Structure formats: C-alpha cells, structure tokens
Amino acid sequence: MKTVQDYIRTIVDFPHEGIMFRDVTTLFADPRGFRMAIDQMLHPYAGLQIDKVVGLEARGFILGGAIAHQLSVGFVPIRKKGKLPGTTISQDYKLEYGEAIVEIHDDAITAGEKLLVVDDLLATGGTAEAGIKLLERLGGEIISCAFIIDLPGLGGRKRLEDMGMDVHALCAFEGL
C-alpha cells in the first residue's frame, strides 16, 4: 500500500546544486494521495476544538483550505509582504539567502481563537516561526503545527518545539 511519501517526487539540484527538492505537486495531483495526506493531517486533531486553520504561503493554502473545509472552520492565509489588501501586521524572518516578511490581516484572528497552522514542508522553521509570532500578537492560541514533510536535519521541528509548539509531520526526508 502506498504511503504519502510515495507520492512525493524528489528533484535533484533544484533550486540550487546540492539541494534535493521535495515536490508535493505530484502528491496534490493524485486524488488518492491528496485525500490520504489531508485525512492523515486531520487525524491528530479529531475531537479537538479548532476555530480556524492558518495556511503559510503558498502550498499551505492548498492544504489549509482542504483541512478547513473538512473541519467546517474558517481559513486564514499568512502571505508574503504586499499581497494582502487590508490593514496588516508583519513579521520579518531570516532565510538562507537574506530576509523575508510575512503578513496577516490585523482582523483575521480574534483573541483566544484556537488555531491549526499548516504548510507542506518544515525545514528551518523560519516561516512557521514568523507566522506563529503574528498569530500570537493577535491573541491566537496555536493548538498545533502540521506539515506533510519534515526535514529533520535542518532543525525546524526543534525550533518550533522550543517555542512550545506541538508539531506533526506525515513523513521525513534526510538531507537538504
């Protein structure tokens, strides 16, 4: 029987030499694989109160929308700077090659709401950490962070767990 990991394609030397890019588009394109991933991402949260699902740009939107639909709750995007039309708050974070900024509408979360943060991949954890900081500034309570892939060698899980976050991933790949 196929696992979620079996649907994920690896592209060698993308976007740079030495990188093994884990491509989830092949998982998303397969109806069985995509349903399996969504069902497995939902499983740890059965019976828990979740008020909104928060997706990190961009593949987190695909997952977050499907998970929010299954839970019958709202979906909130955390986007790259300049992409949201309303009043926002922002958080900067470091990347391997510089810095980036993510934003959320300042009225997207009501203080005390229970949130599930989702994305496709947990690498260094920088984007997720920035998103968590935004949600906490708005008074949100993060129930958990869910990912399809964990790259344990890059330390993202430890980074989020050190922040007190519960972290779930469906599979892990060694290396970069």
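Visitor: Quick one first. Is Phe61 buried, exposed or partly exposed?
Guide: Phe61 is partly exposed, with a relative accessible area of 22%. Buried means under 20% relative accessible area, exposed means over 50%, and partly exposed lies in between (1.4 Å probe, protein chains only).

Visitor: What should I know about the model itself?
Guide: This is a predicted model, in which local features need pLDDT of at least 70 and side-chain atom pairs count only at pLDDT 80 or more, while totals for chains, interfaces and linings use all residues. Residues are numbered from 1 along each chain as its sequence is written, and side-chain values use heavy atoms, with hydrogens and water left out.

Visitor: Back to Phe61. Which residue does Phe61 form an aromatic pair with?
Guide: Phe75. The pair is edge-to-face, 6.1 Å centre to centre with 80° between the planes. Rings of Phe, Tyr and Trp (its six-membered ring) pair if their centres lie within 6.5 Å; planes under 30 degrees apart are stacked, over 60 edge-to-face, the rest tilted.

Visitor: Where do the two sit?
Guide: Phe61 is in helix α3 and Phe75 in strand β4, 14 residues apart, so to speak of the pair is to speak of a link between distant parts of the chain. Helices (H or I, at least four residues) and strands (E, at least two) are DSSP runs, numbered from the N terminus. Phe75 is partly exposed, at 30% relative accessibility.

Visitor: How many aromatic pairs does the structure hold?
Guide: Three. Another one is Phe14 with Phe21: centres 5.2 Å apart and planes at 85°, so this pair is edge-to-face. Phe14 is partly exposed at 43%, and Phe21 is partly exposed at 24%.

Visitor: Now the sheet. What's the strand order?
Guide: β5-β6-β4-β3-β7-β8-β9, an open sheet of seven strands with mixed pairing. Two strands pair if DSSP finds at least two bridges between them.

Visitor: Which strands stand at the edges?
Guide: β5 (88-95) and β9 (167-172). Each has a single partner strand, so one side of each is left without a neighbour in the sheet.

Visitor: How do β7 and β8 pair?
Guide: In the parallel sense, over eight bridges. β7 covers residues 114-122 and β8 residues 141-150. Leu121 has Ile149 in β8 as its bridge partner.

Visitor: What packs on the sheet?
Guide: Helix α3 (residues 59-71) does, touching β3, β4, β7 and β8. Its direction makes about 140° with that of β7. Helix α4 (residues 126-137) packs on the sheet as well, and its direction makes about 155° with that of β5. Contact means heavy atoms within 4.5 Å. Axes are lines fitted to C-alpha atoms, for helices over the stretch in contact, and angles run from 0 to 180 degrees between N-to-C directions.

Visitor: And the core?
Guide: The largest nonpolar core has 27 residues. Val118 and Ile67 are among those with the most contacts inside it. Such a core is a set of buried Ala, Val, Leu, Ile, Met, Phe, Trp, Tyr and Cys residues joined through side-chain atoms within 4.5 Å.

Visitor: Which element gives the largest share?
Guide: α2, with five residues. A second, separate core of 26 residues includes Ala100 and Leu160.
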